[in-house]
Each structure stands twice: as structure tokens, then as C-alpha cells.
Amino acid sequence: IARANRRAGDPFALAFTLLLLPLAWQARDQRRWWLSWLAGAGIVYLAARVLFFQLGFPDRALKFTLPVLGVLLPALAWSGAGRLRPSWILPARIAVAVLCAGVLLAYPIGLTGAEPRSLDVSADRALLDAVAALPSNVLIVGWPDGPAENIPLLAGRELWVDHEHAHPIYRDYHAEIDARLESTLQLIFATSEAEAAALRDRTGLTHLVLTPRLYDPERNLPSIHQPFRDRAQALRDAADGQQLIFASPDPAWVLHDDGHAVLIDLAALRGGAEGGR
């Protein structure tokens with residue numbers, strides 16, 4: 001629903017920008033200020049591209065700077081409308097009010113009514129508590145868009161890869177992320193203990209987070225971007241008639257199982273050292 005609301009809000013955002021920027025231009029006293037803010041946002045974005053691994057994903061630099069201008073733009077446009085011809089002032093200000101109401105309905109509230117925007121992790125709480133009890137040097141992996149993705153923020157443990165990392169900004173970086181996602185799927189759908197142990201030894205992974213849905217042939221796989229959606233489906237289909245070892249994991253490997261998510265100690269696989277329990 002949230003994705004649908006964002007799509008519904010895009011026409012409002014386009015009209016919001018195309019109308020309010022020219023009106024804000026009329027507010028001459030503030031023009032230098034908001035142009036400086038816009039230029040500053042662009043400079044931060046370019047710096048984030050150059051210093052990618054220090055400042056993070058460049059688009060997020062804009063997400064922290066442009067919203068401030070977006071909030072103040074209606075006030076600037078309202079003020080700027082007062083400098084138009086007298087017969088245009090009222091229509092311009094009505095347009096500003098309508099656009100602001102439209103954006104409010106399309107984005108924070110949603111066209112289908114008010115919706116919560118907070119992150120609900122109640123279903124993952126037991127898993128996060130189990131992960132937080134692990135040593136600090138563990139390296140965890142799971143389905144790229146699932147319970148594992150909140151582990152770094154809410155459990156304070158390192159996650160090897162998830163869908164948030166898959167930004168095609170730099171070729172070599174993205175190639176590494178692709179390789180990690182491929183290895184993740186191979187591990188999740190491993191058909192032998194030796195195969196899983198080899199992946200563990202090659203990658204340095206210590207723990208794996210799984211959900212029962214991954215192995216239920218009657219259910220679609222959880223969401224994941226292409227081409228990994230097809231790749232994951234192919235790996236699950238190719239195992240038809242073979243035993244996926246993590247579909248019914250050895251109890252000796254399992255550190256946590258609450259019916260929603262399973263935490264596997266990869267060091268417990270044959271050939272591994274004592275796990276980080």
C-alpha cells in the first residue's frame with residue numbers, strides 16, 4: 001500500500017515543484033537562501049559520490065537536505081505569490097494550498113487513509129534477541145529482504161549482505177554484492193552439508209537466518225529483486241527430489257527457532273570448529 005501511495009503522490013510532487021519553485025522565485029528576499037540550500041544539497045550529493053565508502057549511498061544525502069527545502073517551499077511560494085499581479089495573488093495562493101493538501105494526502109497520510117509508518121519488528125523480536133546474545137565478531141547472512149535485514153541496526157551484529165546493499169553505483173562494488181547474493185542463495189538452497197560447509201569456509205560466514213517459507217513449495221518465495229528472484233526459484237526448483245539440508249536442519253545446528261525464523265550455527269556443520277554459541 002505504501003508503494004502505491006508513493007506512485008499516487010508523484011503527480012502531486014511534480015506539480016508541487018513546477019508551480020512552487022517559480023512562485024518562490026518571486027520571494028526575492030529569500031531567493032539567495034533557498035538557492036544556496038539547493039546548491040548545498042547538490043554539492044553534498046556529488047561529494048557522496050566521490051567519497052562513497054565514507055558517506056554512504058549518494059541519494060541518501062539528498063534525502064536529508066531536500067526535505068527541508070520541501071517543507072519551507074510552500075511558505076516561500078505563498079510569500080512570493082504576494083508579488084504577482086493583484087488578480088493572480090488569490091488563484092496562486094489557492095493553488096499552493098491545494099498542492100500542499102494533495103501532497104499531504106498522497107504521502108504522509110495516504111490516499112486510502114492514515115497508515116502507520118513506524119517499523120514493526122515484533123515478529124522478529126525473539127530472533128533479534130538471540131542474535132544480540134551472539135559474540136560481537138559473528139558474520140550473519142539470510143534472505144536478502146527478510147528478518148535478517150534489521151540485524152545490524154537492532155541486534156548490533158554484522159550482516160554480510162542484504163537488498164539494501166544492491167545499489168548499482170560502482171561496477172566493482174556491485175559485482176561484489178552480486179557475488180555475495182549468489183553465494184547467499186546457494187547456501188540457503190544447499191543440497192549437502194559439504195556444499196554448505198564449503199560456502200561457509202570460502203565466505204567466512206558464521207550464522208544463517210532462515211524462514212520456513214523459503215522451503216514451502218506451495219508458497220511463493222519472499223520478495224527479492226531481479227535477477228535473483230529467478231535465480232532463487234531456479235535453485236529451489238532444481239532441488240526437486242533432493243534434500244535441501246536447511247529445510248529440516250539438524251537440531252545440533254539450530255541456535256534459535258521460534259516458528260517464524262531459524263538461526264543456524266554454520267560452525268556446527270561437518271568440518272567446522274566449535275560454533276559461536
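Modeller: Let us begin with a term: helices are DSSP runs of H or I with at least four residues, numbered from the N terminus. Gly102, for example, is placed in helix α5, which covers residues 86-109. Please bear in mind that this is a predicted model.

Colleague: Is Gly102 buried or exposed, and why?

Modeller: A residue is called buried when its relative accessible area is under 20%. Gly102 has a relative accessibility of 8%, and therefore counts as buried. Its C-alpha lies 9.0 Å from that of Phe16, although 86 residues separate Gly102 and Phe16 in sequence.

Colleague: How many helices and strands does the protein chain have?

Modeller: The protein chain has 10 helices and 5 strands. Of its 277 residues, 36% are buried.

Colleague: What share of the contacts joins residues at least 24 apart?

Modeller: The count takes contacts between residues at least 6 apart in sequence, and 62% of these join residues at least 24 apart.

Colleague: How does one judge the span of a helix, and what span should helix α2 have?

Modeller: The expected span is 1.5 Å times one less than the number of residues. Helix α2 runs over residues 28-50, so its 23 residues should span 33 Å; the end C-alpha atoms are 34 Å apart, in agreement with this. Its buried residues are Trp34, Ala41 and Ala48.

Colleague: What does the comparison give for helix α8?

Modeller: Helix α8, residues 171-188, contains 18 residues. From first C-alpha to last it reaches 26 Å, close to the expected 26 Å. Several residues of α8 are buried, including Tyr173, Ile177, Leu181 and Leu185.

Colleague: Which residues does Ser183 contact beyond its neighbours in sequence?

Modeller: Ser183 lies in helix α8 and counts as buried because its relative accessibility is 8%. Apart from neighbours within four places in sequence, Ser183 is in contact with Trp160, Leu199, Arg202 and Thr203.

Colleague: Where is Ile188 found, and which residues does Ile188 contact?

Modeller: Ile188 also belongs to helix α8. Its relative accessibility is 0%, so Ile188 counts as buried. With neighbours within four places set aside, its contacts are Gly142, Trp143, Leu208, Leu210, Leu214, Tyr215 and Phe246. Tyr215 is 27 residues from Ile188 along the chain, and their C-alpha atoms are separated by 9.4 Å.

Colleague: How many cavities of 30 Å³ or more does the structure hold, and which residues line the largest cavity?

Modeller: A cavity is a space where a probe fits but cannot get out. The structure holds 1 cavity of 30 Å³ or more, and the largest cavity has a volume of about 40 Å³. Its lining consists of Gly142, Trp143, Gly146, Pro147, Ala148, Val209, Leu210, Thr211 and Leu214. By class, 6 of these residues are nonpolar and 3 are polar, with no charged residues. Among the lining residues, Gly142, Trp143, Leu210 and Leu214 are also contacts of Ile188.

Colleague: Lastly, is the peptide bond from Gln226 to Pro227 cis or trans?

Modeller: In general, most peptide bonds are trans. The bond from Gln226 to Pro227, however, is cis, with omega near 5 degrees. Pro227 lies in the loop between β3, residues 207-210, and α10, residues 228-238.

How values were computed. Residues numbered from 1 in each chain as written. Predicted model: local features only at pLDDT ≥ 70, side-chain atom pairs only at ≥ 80, totals over all residues. Heavy atoms only, no water. Helix = DSSP H or I, 4+ residues; strand = E, 2+ residues; numbered from the N terminus. Buried < 20%, exposed > 50% of the residue type's maximum accessible area, 1.4 Å probe, protein only. Contact = heavy atoms within 4.5 Å. 1 Å grid on protein atoms, 1.4 Å probe; cavity = no way out; pocket = protein on both sides within 12 Å on 5 of 7 lines; lining within 4 Å. Points joined across faces, edges and corners; volume = space filled by probe spheres on them. Nonpolar A, V, L, I, M, F, W, Y, C, P; charged D, E, K, R; others polar.
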